[in-house]
Amino acid sequence: MASAGIINKPFSIPPYPEMILKAIEELNEENGSNKSSISKYIEATYGGLPQGHKALLNLHLARMRDSGELVFWKNNYTKRDPNAPPRRGRGRPPKPKESFSLGVIYSPPKPRGRPPNDPPKSPKVNASIGSGRPRGRPRKMSQPTRGFGGALTSAVGTGGSGRPRGRPPKMKSTPLTEISA
């Protein structure tokens, strides 16, 4: 009964990674082969491909590129040369990762974000040397007044010059009189 299953089995095609590698070798293009030329070669060489041939080809090309079997450069796929230096893409290269030694206990990384509410720390002692005044702009003092609309005891904001602050009031115009001579 087992031999009947083998006889009825349709013509099998090799796995996609093998077909892709063979297509790249046979096409032997200088800058590598693009996806459409690989697909055309596979369709011409192997008949009876499944319905989702394009999707399967894309999936296997992506897997082979991510695993390092193929190099994808300028929209072309080539086999990786073990002696060639790796090609750099655009932008800054990633930082090298630290290797962890066995048997060494590492402290947990510093947590990110705002720290939790801890009990307040003791205030710092101001050891200011100098005039004894606090730093910064002095606080505003309230203006002394005598009731509603009362006169101030001293000129407000004179600043020592004897003139009040702000724009001076308009002078009342006096009518001019003619002087006869």
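1. pLDDT is the predictor's confidence in each residue, from 0 to 100. It matters here as the model is a predicted one, where local features need pLDDT of at least 70, side-chain atom pairs count only at pLDDT 80 or more, and totals for chains, interfaces and linings use all residues. Residues are numbered from 1 along each chain as its sequence is written, and side-chain values use heavy atoms, with hydrogens and water left out.

2. On confidence: the protein's average pLDDT is 77, and 75% of the residues score at least 70.

3. Now the core, meaning buried (under 20% relative accessible area, 1.4 Å probe, protein chains only) Ala, Val, Leu, Ile, Met, Phe, Trp, Tyr and Cys residues joined through side-chain atoms within 4.5 Å. The largest one has 14 residues, and Ile20, Ile38, Ile42, Leu57, Leu61 and Leu70 have the most contacts inside it. Helices H2 (16-27), H3 (35-45) and H4 (53-67) each supply at least two of its residues, with H2 giving the largest share, five. The helices are DSSP runs (H or I, at least four residues), numbered from the N terminus.

4. Have a look at Leu57: leaving out residues up to four places away in sequence, Leu57 touches Tyr16, Ile20, Lys35, Ile38, Ser39 and Ile42.

5. H2 and H4 pack at about 80°, axes 10 Å apart, so they are roughly perpendicular (65 to 115 degrees). From H2, Tyr16, Pro17, Ile20 and Leu21 meet His53, Leu56, Leu57, His60, Leu61 and Met64 of H4.

Notes:
Buried means under 20% relative accessible area, exposed over 50%, partly exposed in between (1.4 Å probe, protein chains only). Contact means heavy atoms within 4.5 Å. Axes are lines fitted to C-alpha atoms, for helices over the stretch in contact, and angles run from 0 to 180 degrees between N-to-C directions. Angles under 35 degrees count as roughly parallel, over 145 as roughly antiparallel, 65 to 115 as roughly perpendicular and the rest as oblique.
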